[in-house]
Amino acid sequence: MKSMNVLFFVSLPLVASAVYGEVRFDRDIRPILADRCFQCHGPADADREADLRLDQAEGTDGAYRESAGTIAIQPGSLEQSEVWTRITSRDPDLVMPPLQGSKPPLSASEIAMLKKWIEQGAPYEDFWAFVPPTAPKFPQDVQGTPIDRFVLRKLKAEGLDPSPRADKRTLIRRVTFDLTGLPPTREEIHAFIEDDSLEAYENVVDRLLQSPHFGEHLAKFWLDLVRFADTNGIHHDHYRDLSSYRDWVIRSFNANLPYDDFTRYQLAGDLYPEPTRDQLIASGFHRLHLIIDRGTALPEESFTRNVLDRVTSVGTAFLGITVQCVVCHDHKYDPMTMKDFYSLSAFFNNIDAAPETGGRNGSDFLRGLQTPYINLTDQRQEARLAELDAQVDGATVELERLKKSRQEVGEDEEKKAEMETLLKDGEKHLNEATQARNDYLITIPAAMVMKERSDQRPAHVLIRGAYDHPGEQVSRDTPKFLPPMKNVQGEKNRMDLANWFVDPEHPLTARVTVNRFWQQLFGVGIVKTSEDFGAQGEWPTHPDLLDYLAVRFVDSGWDVKGLMREIVLSDTYQQSSYATPKVFQQDPQNRLLARGSRFRMDSEMIRDQILSSSGLLNPELFGKSVKPPQPDGLWKAVGMPSSYPAVFVADEGDKILRRSIYTFWKRGMPPPQMTILNAPSREVCTTRRERTNTPLQALLLLNEPEYLRAARQLAFNVLAAPESSSPGQIDVIVETVTSHLPTPSERQNYLKLVTDLSALYLSAPELAEELCENETPPEGVTMPEWAAWTMLTSTIYNLDVTKTRQ
Amino acid sequence: MNESIINENWRLARRQFLKTSGMGLGASVLGSLMQQSSAAEEAVLDVPHRPQRAKRVIFLFMAGAPSQVDLFDYKPELDKQFRKPLPPSVSMGQRVTAMTQGREQLVAPSMYKFHPQGESGNYMCELFPFLSQTADDLCIVNSLNTNAINHDPAKTFVCTGAEIPGRPSMGAWLSYGLGSMNRDLPDFVVLNSAFWTGGMRNTQALYSRLWGSGPLPSKHQGVKFQTAGDPVLFLSNPKGIDSGIRRRMLDTARAVNQQHFSTIGDPEIETTIAQQEMAFRMQSSVPELTDLAGEPKHILDLYGPEVTKQGSFARNCLLARRMVERGVRFIQLFHRGWDHHTILPKQMPGQCYDIDQPCAALIDDLKQRGLFEDTLIVCAGEFGRTVYGQGTLKRDDYGRDHHPRCFSGWLAGGGIKGGLTYGETDDFSYNVVKDPVTVRDLHATMLHQLGIDHERLSIPYQGLDLRLTGVEPTRVIHEILS
């Protein structure tokens, strides 16, 4: 067992040659020190041993300092460096890291690296990600677009050649999926193949960037990042409607809203002097956190939880630094302190809202809303609402009048009885008017928004993160290890914070953002740990490329479509993903990009592809989340009978054929079609999904009833079309699903499958009827034939290439 | 299943891979093929760190928090305190839930009788007539304690070691750390009771995060077996596809995938082929697992009359035993219905009826198959309940609020000392006064029995070394180990 695990987890170091060349502190040394030493000799004051910190050179605790006659690190001298003595000591009481600790000992190669570094003068450098990016020089010894030059230079250094351009079918499939999340149609493929012009590919890219499906696809990644969902996520897990925020994200990507405004709107949309509706909707970013419903929890605790969740999401989404651990203690690896964290939290602790969702009465609960929110009415709806409001007001006034006159009636029994009847009618009238207004309100979309309280709540460091242990009071501020805010007069607010994030001098925002877009297009970021640009994150494979993209992104006016366009037009992006054994062996994870990337698509893309290629997709944009069918009993098995809603009721008609971005997301039990394929639960911010390949996924793709129905539909479409020969029909199905034509031997395989299955279904016609649910086959086609072709189509839907973007 | 089979599979897979790929690849490539890519950086594991006393765990999770006062923590003297206020010297300003905030705290003695049982004399509640027969196998811990006062964070804490959602669950850690013991079933299975007898009021929600993998590769997450329909989602062939047709179509898929692999060269295609074959095998192995037709009558009788009902706790206990036999590493049963804020005496007997005989049967059944020694059974809720009453307070009608400062659970098998009662609370079953056991201590002890040092099973995640037991001081409770 032991040896097996070791085998499993050994991974080739990406940069194996550093030992023989120049050692870089950031890339080669800091990760070792961070992992083995910083726990006791790092930035956290509270845990520091021997008054020594190895994360910095200078200072009375720094690595170069002399204490009691010893110097921790003497640049250039192993003999005089106590660190060297200790890490190479054979004395169990002296050796570092301590044997009894939880950290594994340093490996021989790590010790060699440290040796080389000390010998080279032990130079420290400021942590790269906290220094503002500057435009790097383009490599001159290689040709191509700037992106290609940075990639080629690295390939050259590693002795690798780039791969040729992918064939046209692969290319249009790749770029269509990457920019819209949908496959190309056969017509689009043919048009591209027939277009011999030099601009053919560029034209495809520009067409795709204009597609309304572009925004839907990009929104999918953003919604993971901000943990968008349709329920409150704790306790009852009630309905919570934030769909207008989702729609705003889609619209913003489609309209190519500059990313700095995209950031400002979300962080501080409510603080514009006269905020537009979109700015307010965007501020719903602050309402996406998990929130407990009123009942058993303590409101003060819930309040703190919400604030911390908000700050954490800002840290992950905009800062690209994990801040969660700083809730309880100073960071052991990064310079972020508790005070930094709680100073940041002071920007987000002032919402004018209850800390818990509440109250089952009234229309808010049914609409999944909690104040503050705005009704997204149009003029007609406003008029109608005003009318209904007036009716409620009228009924209220009338009832008041009746109550008053009852008191004046006196003792006359007859008149009293008459009054009682009138009163009852009046009450009934008011109830009806209220009901009518609420019924109408429920049909009106709304958006929960951010709203600042008039007075400012004090903020404190919370000792060990406990809501009831406030420590030092803190004021609104940005983390000290990052550049300070500029030009702020008076009390800082969220708008100042937003402006600080998108300041061109900010070292993180642009880098973190372009890295995520890169990750989206290549499957893995230039910094693989896209959630953590801190000391424990991974060193970028192409630091210059990352900085080039970041600077260019800012200079372009934060132009998202422009960035995507530049990347997909690079030769690097357009390479074939086929791997020769040599290339694969040298770089199995393709971090050097000597070939195009190849990875399994996300759950949404897989489902949307099935719907789209079978012709079933309902391409409608926007609106309330929808519920495509799922296996029975999933909600019931985990939910509370008093949850709203407690029982899953699938939608009907073409609502179940919408793109997956519109699928209802219950955090306690998200749709299995999504989670089985690694979609997150949306309880925490997720910058990258993992990609596994499991038997449960195989079962899903083989047996999901809606997916099988789509296969039947595609088979129907092809059998009903004028194309008459079986090989021709096979070609149409394969091309529709995979964008490629089958090879002759594949075609033979498929033909044989159809022949065999037709015979099988002919001998068991009841099976064919069950598979086709007794619907009418296309004209001139028998039920067993239709069934056989359905299974052929399902086979193609289950190929590895179908679920893979390559 | 045993290690030699796993190793053989490993060798076969490697040989097959090397043959079909024509590449003499290093271990890392094959590692990524077998293990899959993941968001978490894979660490070099050296697990197990020490000899294992247990190979697997059955965790019986009593969701909603059963009353320790009524079931385990025997306090005969409380009888005299009926309706008397809880002394402030005991409550010490303990925070309470929003439900009983500001209310008077009057003592509600348990109406149930306790008797010393077996040679050990472990005190057992009269509501557990069957479990009482196994008193000498049980280690009852009365000094468990936790931080959270509400169900959701408290359950998340017990299941994942943190109140905040998103951390790997216990079973995921074990799957990650120890690997697989079988080739046809998941490492970590979750079984949820479809019903319970103690009333459906105050049902607490469950969340898939309770068996999630957090930042570990998701292959380690619990697979929740469904109580109705397919035990594993999408397991059955849809209507109109029999296994012959499925086999025929998979053969074509395999052939075409194989051709693609030879041109594209990505071993991930091989994985897809392998997983489709695994799925096909699961289509028989899972129904074989859940089909109890082969169980003799005396075994069914052992688990009691409820065993015949789909989704009963009794049936899930029997399924757990069958999974143990088939090499599932971690089996977690969820039984809800313990949140007895009011009318506790109306609900408690039914709840105990649900679990009493099946738990005892599980112990006996594992024993007679020689599996008890290396199977660790743990039974606990997410916190305890207050000694003071909530709602109506009569001798035979009362309820209890949430109580994090002490609660009870029991362990058995897997190198645990049987016939022991460990830890003590004060006279009011309110504060732990001797041998406290935190949830993290419980986790550390479980891991210890599985050969894992809780401080060494960790992954780097978001700038910290993530582990099940977190960063607070934690200790293995050696006193309860045999």
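In chain B, residues 24 or more positions apart make up 76% of the contacts that have a separation of 6 or more. Keep in mind as you look around that this is a predicted model. Chain B contains 13 helices and 17 strands, and 59% of its 482 residues count as buried.

Which strands pair with strand 5 of chain B? One partner is strand 7 of chain B, residues 330–335, which runs parallel to strand 5 over 5 bridges. If you look for Leu191(B), you will find that its bridge partner in strand 7 is Leu333(B). Strand 6 of chain B, residues 223–225, also pairs with strand 5 in the parallel sense, over 3 bridges. In that pairing, Val189(B) has Val223(B) as its bridge partner.

Now let us turn to the nonpolar cores. The largest one has 292 residues, and the members that touch the most others are Leu60(B), Ala320(B), Ile377(B), Val378(B) and Leu411(B). Helix 12 of chain B, residues 344–368, supplies the largest share of this core, with 11 residues. Chain A takes part too: domain 2 (146–216 + 507–586) and domain 4 (703–805) of that chain each give at least three residues to this core. Apart from this core lies another, of 21 residues, which includes Phe38(A), Leu52(A), Ala63(A) and Ile73(A).

What does Leu411(B) touch, leaving aside residues up to four places away in sequence? Its contacts are Cys139(B), Val141(B), Leu376(B), Ile377(B), Val378(B), Ile416(B) and Ile480(B).

Finally, move over to helix 29 of chain A, which spans residues 705–720. From first C-alpha to last, this helix of 16 residues reaches 22 Å, close to the 22 Å expected at 1.5 Å a residue. Its buried residues are Tyr707(A), Leu708(A), Ala710(A), Ala711(A), Arg712(A), Leu714(A), Ala715(A), Phe716(A), Val718(A) and Leu719(A). As a guide to reading such a list, an α-helix has 3.6 residues a turn, so residues three or four places apart point the same way. The cover over the buried residues of helix 29 includes helix 25 (603–613), helix 28 (695–703), helix 30 (726–738) and helix 33 (783–797) of chain A.

Notes: Residues numbered from 1 in each chain as written. Chains lettered and ligands numbered in written order. Predicted model: local features only at pLDDT ≥ 70, side-chain atom pairs only at ≥ 80, totals over all residues. Helix = DSSP H or I, 4+ residues; strand = E, 2+ residues; numbered from the N terminus. Expected span 1.5 Å × (residues − 1). Buried ≥ 20, exposed ≤ 12 C-beta atoms within 10 Å, placed from the backbone. Contact = placed C-beta atoms within 7 Å. Pairing = 2+ DSSP bridges. Core = buried A, V, L, I, M, F, W, Y, C linked by C-beta atoms within 7 Å. Domains from an automatic or database assignment.
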